[in-house]
Amino acid sequence: EDIRSSALQALGKYWSDESIRKLLTQRAIKDDHESPRSIAMQALAENWPVESTRALLTQRAVEDNGVHARITALQELAWNWPNKKTRALLTHRAVEDDNEETHITAQRVLAKKWPDKTTRALLTQRAADEKSVYVRSSALQVIAENWPDETTRTLLTQLSVEATDAQ
């Protein structure tokens, strides 16, 4: 899988013709390992930032069985298509994905690309309601990093005394 990943990365970087786009699209969906799928998605987003690539990444962000491949798709969507649809998908993945790493990545990307009161409210809710202690803790860290104000200080002070790891 490492050799396939390296070959796909080089093809995407140095050859940007239609046959390479088709190969990368096929590998983004059908490769047996998530590393080559992830590399193929990155190359497509970098070299073919068109609607068909966005649609493929959106599908892979939800349907890929590999956590890291789903994360790659989410990140590439946020960097290359920072629009309402991408934000809605990231918000959904921050709450609904079946893997903690995906929740955390979606939280971090939302805070980086959309550092507004809507994102802050979502993260505050995740810090309170998420079942996973790991995801809740990450949400608190993201809030502290992106909104170091008195509201955050009050929240963290309260949680440092009252919160438990049980949910």
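Is Tyr14 buried or exposed? In this predicted model, for which local features require pLDDT of at least 70 and side-chain atom pairs count only at pLDDT 80 or more, totals for chains, interfaces and linings use all residues. Residues are numbered from 1 along each chain as its sequence is written, and side-chain values use heavy atoms, with hydrogens and water left out.

Tyr14 counts as exposed, at 57% relative accessibility; exposed denotes over 50% relative accessible area, buried under 20%, and partly exposed the range in between, with a 1.4 Å probe and protein chains only. Trp15 is partly exposed, its relative accessible area being 47%. A search of the whole structure returns one aromatic pair. Tyr14 and Trp15 form this pair in an edge-to-face arrangement, at 6.2 Å centre to centre and with 75 degrees between the planes. Rings of Phe, Tyr and Trp (its six-membered ring) are paired if their centres lie within 6.5 Å, with planes under 30 degrees apart counted as stacked, over 60 as edge-to-face and the rest as tilted.

Helix α3 comprises 14 residues, 34–47, and its first and last C-alpha atoms are 20 Å apart, close to the expected 20 Å. The expected span is 1.5 Å times one less than the number of residues; helices (H or I, at least four residues) and strands (E, at least two) are DSSP runs numbered from the N terminus. The buried residues of α3 are Pro36, Arg37, Ser38, Ile39, Ala40, Met41, Ala43, Leu44 and Ala45. Their cover includes α1 (2–14), α2 (18–30), α4 (51–63) and α5 (67–80).

The largest nonpolar core contains 28 residues, and Leu24, Leu57 and Leu90 have the most contacts inside it. Such a core is a set of buried Ala, Val, Leu, Ile, Met, Phe, Trp, Tyr and Cys residues joined through side-chain atoms within 4.5 Å. A second, separate core of five residues includes Ala111, Leu123, Val142 and Ile143. Beyond residues up to four places away in sequence, Leu57 touches Met41, Ala45, Ala73, Glu76, Leu77 and Trp81, where contact means heavy atoms within 4.5 Å.

The whole structure holds 13 salt bridges, each defined by a side-chain nitrogen of Lys or Arg within 4 Å of a carboxyl oxygen of Asp or Glu. One of them joins Arg37 and Asp64, with an N to O distance of 2.7 Å. Arg37 lies in helix α3 and Asp64 in the loop between α4 and α5, so this pair ties together parts 27 residues apart in sequence. Arg37 is buried at a relative accessible area of 5%, and Asp64 is buried at 2%. Arg70 and Asp97 form a salt bridge, their closest N and O atoms being 2.9 Å apart. This pair links distant parts of the chain, with Arg70 in helix α5 and Asp97 in the loop between α6 (84–96) and α7 (100–113). Both Arg70 and Asp97 are buried. A network of salt bridges links Arg70, Arg93, Asp97 and Asp98.

Ile104, in helix α7, is buried with a relative accessible area of 10%. Apart from its neighbours within four places in sequence, Ile104 contacts Tyr134, Val135 and Ser138.
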